[in-house]
Amino acid sequence: MEEKIVKPNYENSILNLITSILKYYHVETPYKGIEKVDTVLQKGYKNIVLVILDGMGMQVLKDTVPKGIFAQNVVDTITSVYPSTTTAAMTTYYSGKPPISTGWIACSQYFKEYGRNVNLFSRQDSHTKEKIEVEKLKLKDIIGYETIYEQIRKASPKTSVYEIMPEDCDKKAPITILANEVEEMKNVIVDLCHKEKEKFILAYHENPDTLLHYTGCRSEEVKTFMQKAQEEFYNMLERLKGTNTLVIFSADHGHINIKKTVSILEDSQLQECLIMPTSFESRMVNFFVKQDKKEEFVERFKRKFGEDFLLYSKKELLESNLLGYGVQHKKVDDFIGDYIAIGVKDTRILLDTYLSRERKKQDEKKATHCGLTKEEMEVPLILFEVK
């Protein structure tokens, strides 16, 4: 099983990509950049544009637009961080740190401060979907971090920083421009890059991820989106001529089609071992286990899921460095339970309770991520130099 998985390569990952950009702007960081990116950056650019298409893994690219401008300009295949999920990976982009240091591990994390599992992006109870009415400052106090925008502004005060993202995303930069469609994003990037000042722009789009979840990795919907995105960005590159801009395309993680969905809630033998609901994600499942039931839990879990999931104890997970290297965030010990199951095939485990209102929606998902397969872990590094 080990030979079929892809672990994060913290010498050649999305962490190292954002590190290269930070170092270009003179930010001090303990992490290494990517040599291919560092070499290109030595040429000097007025504008650096980083475009992240959520879920656009290397395999998704091959399956949907194998001969387009994206595929033709891939300079490397790099890995996501682990977990291979938006919560962890985009926070690495936004912070320049790996998940072990940010505490942003997965979609659903248990906060003792709120007494419930909280979806970090939507600020909702993970099971009931109830909005948690807490001040953002409170959450920032618990798992806050210094953004890359703040870091760049401190180290290179003459550089303007911008982010472009859909309206339902949290705003992190001093100047955030909303763009729900790729065409809108393209136009904003072109307008900004034609302005005089040196600037860094991070543009994020929530597709193809949303389409992948509900239509699958090789659906016509995903292919149509990717083809349209390429057309829009080709037009953008043409309009950027004369601006001295480096455009980098990548992703936060990839996707895998799901063939089997299982509910722990319906497994009485495993349920009796647990003291809390499961958390994290359906392909990185976090278990808090009764002290006197640990041996039984391990035996029962491996008997049922041994081919589909790797089971780590908390100690094993932390010592594996899957979450990265660096100073461990003070909340990591709270968030990680006794055992963590990581998907390595095409099965997922629902994080459901009797109060869950997402059951039907979860069951409809055709593809997802957060496991250690090649499809989920590998993302493209695409570069365009526009002089």
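Predicted model: local features only at pLDDT ≥ 70, side-chain atom pairs only at ≥ 80, totals over all residues.
The chain contains 17 helices and 18 strands. Its radius of gyration is 21 Å, close to the 21 Å that the globule rule gives for 387 residues, so the chain is as compact as a globular protein of that length. The C-alpha trace spans about 65 × 45 × 40 Å along its principal axes. Of the 387 residues, 60% count as buried. The accessible surface of the chain amounts to about 16400 Å², and 47% of this area belongs to carbon and sulfur atoms. When contacts between residues at least 6 apart in sequence are considered, 75% of them join residues at least 24 apart.

In soluble globular proteins, nonpolar side chains tend to be buried together. In the present model, the largest nonpolar core comprises 109 residues. The members of this core that touch the most other members are Leu50, Val51, Phe70, Phe200, Phe233 and Met284. A second, separate core holds 18 residues, including Ile264, Phe287, Val289 and Leu351. For Phe200, the contacts beyond four places in sequence were examined individually. Among them are Ile21, Tyr25, Ile48 and Leu50, together with Ile148, Tyr149 and Ile152.

Helix 13 covers residues 294-305, a run of 12 residues. The distance from its first C-alpha to its last is 16 Å, close to the 16 Å expected at 1.5 Å a residue. Buried positions in helix 13 are Phe297, Val298, Arg300, Phe301 and Phe305. The buried residues of this helix pack against two groups of elements, listed here by type. The strands are strand 11 (260-263), strand 13 (284-287), strand 14 (309-313), strand 15 (339-343) and strand 16 (347-350). The helix in the list is helix 12 (268-271).

His329 is located in the loop that lies between helix 14 (314-320) and helix 15 (332-335). Its relative accessibility is 12%, and His329 therefore counts as buried, the cut-off for this class being under 20%. A polar atom of the His329 side chain lies 3.0 Å from the backbone nitrogen of Lys331. With residues up to four places away in sequence left out, His329 touches Ile100, Ser101, Thr102 and Gly103, as well as Ile142 and Ile143.

Definitions and conventions
Residues numbered from 1 in each chain as written. Heavy atoms only, no water. Helix = DSSP H or I, 4+ residues; strand = E, 2+ residues; numbered from the N terminus. Expected span 1.5 Å × (residues − 1). Buried < 20%, exposed > 50% of the residue type's maximum accessible area, 1.4 Å probe, protein only. Contact = heavy atoms within 4.5 Å. Core = buried A, V, L, I, M, F, W, Y, C linked by side-chain atoms within 4.5 Å. Polar contact = N/O pair within 3.5 Å; in protein donor to acceptor, adjacent residues only side chain to side chain. Rg over C-alpha atoms; globule rule 2.2 N^0.38 Å. Areas by Shrake-Rupley, 256 points an atom, 1.4 Å probe, with all protein chains shown as cover.
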